[in-house]
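User: I am new to reading protein structures. Can we go through one together, feature by feature?

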Amino acid sequence: MEAARFEVKPYPEMWESLDMDVPRFDKARQMLGEVYGKMFMSQPNRPEKMAYFDDMISEIFGRRIQEMIDVKKEGRPIVGTFCVYIPEEVVVAAGGVCVGLCGGSPGSIPDAEKILPRNICPMVKSAFGFKVGKICPYFQVVDFVYGETTCDAKKKTWEILDRLVPTHVMEIPQMKNARDKTLWFEEVKDFKTKVEEVCQKTISTDDLAAAIKVINNKRRALQRLTKVRASSPAPISGKDALLIEQIAFYDEPVRFAEKVNELCDELEERARNGEGVIDSSAPRVMVSGTPMALPNWKVHNLIEAAGAVVVNEESCIGTRYFKDLIDENKSTMDEQLDALTDRYMKIDCSCFTPNYERIDQILKEYKDSNAQGILHYSLQFCHTYNIEEIKVREACEKEGIPYLSIESDYSPEDVGQLQTRIEAFLEQIRG
Ligand code: SF4
Ligand code: SF4
C-alpha cells in the first residue's frame with residue numbers, strides 16, 4: 001500500500017444505521033486516511049507484518065464495527081471504557097467486547113466545549129465531543145460505558161455523559177491500603193454484576209479463567225514487542241509500536257495477539273540480523289506520561305521526524321496497560337476476582353498517592369529499553385501527571401538521564417515550539 005493510496009474505508013449505510021452524523025464523519029474519515037498515509041506509509045524499511053495493522057486502520061470504521069454489531073445481535077455486551085482500570089477480562093468472560101473510547105483527536109473538541117468547560121484535559125473533551133457530535137461509530141455501538149473516578153474531569157463528565165449514553169462509574173480509590181483493596185474488590189464485583197445484567201448471563205469460573213488467559217496472552221504479546229524494541233538498531237519505529245498499542249484497545253484480542261506475535265517473529269529475526277528501521281546511531285527516546293489515544297501521534301512524529309527513534313512508552317497506551325498479568329491458577333470466583341483486583345492495583349497511575357512505584361518503573365523501563373533520554377509527556381490540565389512530573393524530573397537528574405518535559409494538547413499550534421525543544425533535547429543526547 002503506498003502513501004497516496006491509503007484510505008480509511010467508508011461504510012455510510014452502516015453509520016446511518018448507528019444514527020451518526022454521516023457527512024461530517026465522512027470528512028474526518030478522509031482526513032484520517034490522508035494523515036495516516038503521510039505519517040505511516042512513507043516510513044522506510046517498515047516490517048512486512050505491519051500490513052495487518054495498516055489494514056486494521058483502513059477498516060477501523062467498517063469491518064471492526066460490523067464485528068461488534070454482530071456480537072451485539074447475539075445478545076453479547078459491548079462495553080466502552082476510558083481507563084485501563086476497568087477489567088476487560090470480565091467483559092470477555094461474558095462473550096462481549098470491551099472497547100477503549102478515549103479521545104485522541106482535536107476534531108471533536110469544539111462539540112465538547114459547547115457544554116463542558118474549556119480548561120479540562122483534551123482527552124476527556126475529545127471523547128465527550130465524539131458522543132455529542134455523533135461522530136464515533138464505537139461510541140454509537142456500545143451498550144453502555146463504564147467510567148471511573150481517576151480524575152475530577154472524568155468523574156464529573158460521567159454525570160453529563162449519562163444523558164447521552166448509559167454511564168456507570170467504578171470507584172477507584174486513591175490510595176493502596178488494605179481497606180482500599182476491599183473497596184476495589186467490591187467495585188469489580190459490581191462491574192461483573194452489571195455486565196451480567198446486560199447480557200443476561202451468569203459468568204462462570206470457567207468463563208473468567210478463559211478470559212483471563214485471553215487477555216494475559218494479549219498482554220504477553222505486547223510485552224514481547226516491547227522487549228524486541230530494546231535491540232539496536234531499533235527493528236520497528238516508535239510510531240508503528242504506538243499504533244499497535246492503540247489498536248490493542250479496539251481489536252479482537254485473540255486475533256490481535258496472534259498478529260502481534262507474528263510481527264515479533266519478524267522483528268526478532270531483524271534483531272538477530274542487525275537490521276533496523278533507522279541507523280543504530282539515532283538517539284533512542286523513551287516517552288513517559290499520559291496516554292496517547294488514537295490518533296494522537298503528534299509527539300512520536302516530531303521525535304522521529306527529527307532523526308531519533310522512540311523505544312518505549314511508559315503510559316496507559318503502553319507498558320502500564322500490559323506490564324502485569326493476572327494469576328491464572330485460581331479456582332473459585334472470589335479467588336479469581338481477588339487475583340484480578342491484585343493485578344489492577346499494580347497499575348501505577350499518577351491518580352494514586354503516594355505513587356513511588358511509578359518512578360521506579362520508569363527507571364527500570366529506561367534501562368530495559370536501552371533508551372538514552374526520557375521525554376515526559378503530559379496532557380494539558382492533567383494535574384496529577386503534571387505534578388508527578390516533578391518527581392520524574394528529580395529522578396532523572398539524580399540518575400544523569402537526559403530529560404525533557406512537555407505539556408501539550410491536540411492542536412497543531414505548538415508544533416513549531418515543540419519541534420525546537422525536541423531538537424535541542426536530541427542534541428543533548430547526541431552530546
Ligand atoms: S492515565 Fe490513569 S486515569 Fe488515565 S487511563 Fe491510565 S490509569 Fe486510567
Ligand atoms: S490524562 Fe489526566 S486529566 Fe486527562 S483523563 Fe487522564 S487522568 Fe484525567
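User: Which residues are closest to ligand 2, and how many surround it?

Analyst: Keep in mind that this is a predicted model. To read a ligand site, list the residues around the ligand. Here 13 residues surround ligand 2. The closest are Cys-121, Met-123, Cys-151, Thr-290 and Cys-382.

User: What is the shell around ligand 2 like by class?

Analyst: Sort the residues by side chain. The shell around ligand 2 has 9 nonpolar, 3 polar and 1 charged residues.

User: Now the sheet. In what order do the 4 strands lie?

Analyst: The order is β6-β5-β7-β8, in an open sheet with parallel pairing. The edge strands are β6 (309-314) and β8 (403-408), and each pairs on one side only. From one strand to the next, the twist averages 25°.

User: How many bridges join β5 to β6?

Analyst: Bridges show how two strands line up. Strand β5 (residues 284-289) is joined to β6 by 5 bridges, and the two run parallel. Take one example: Met-286 has Asn-312 in β6 as its bridge partner.

User: Which helix packs on the sheet, and which strands does it touch?

Analyst: Check what covers the strands, then compare directions. Helix α18 (residues 383-399) packs on the sheet and touches β5, β7 (373-379) and β8. The direction of α18 makes about 170° with that of β7.

User: Let us zoom out. How many helices and strands are there in the protein?

Analyst: Count elements, then judge the overall form. The protein has 19 helices and 8 strands. Its radius of gyration is 21 Å, close to the 22 Å from the globule rule for 431 residues, so the protein is as compact as a globular protein of that length. Buried residues make up 49% of the 431 residues.

How values were computed: Residues numbered from 1 in each chain as written. Chains lettered and ligands numbered in written order. Predicted model: local features only at pLDDT ≥ 70, side-chain atom pairs only at ≥ 80, totals over all residues. Pairing = 2+ DSSP bridges. Axes fitted to C-alpha atoms, helices over the stretch in contact; angles between N-to-C directions. Contact = placed C-beta atoms within 7 Å. Near = placed C-beta within 6 Å. Nonpolar A, V, L, I, M, F, W, Y, C, P; charged D, E, K, R; others polar. Rg over C-alpha atoms; globule rule 2.2 N^0.38 Å. Buried ≥ 20, exposed ≤ 12 C-beta atoms within 10 Å, placed from the backbone.
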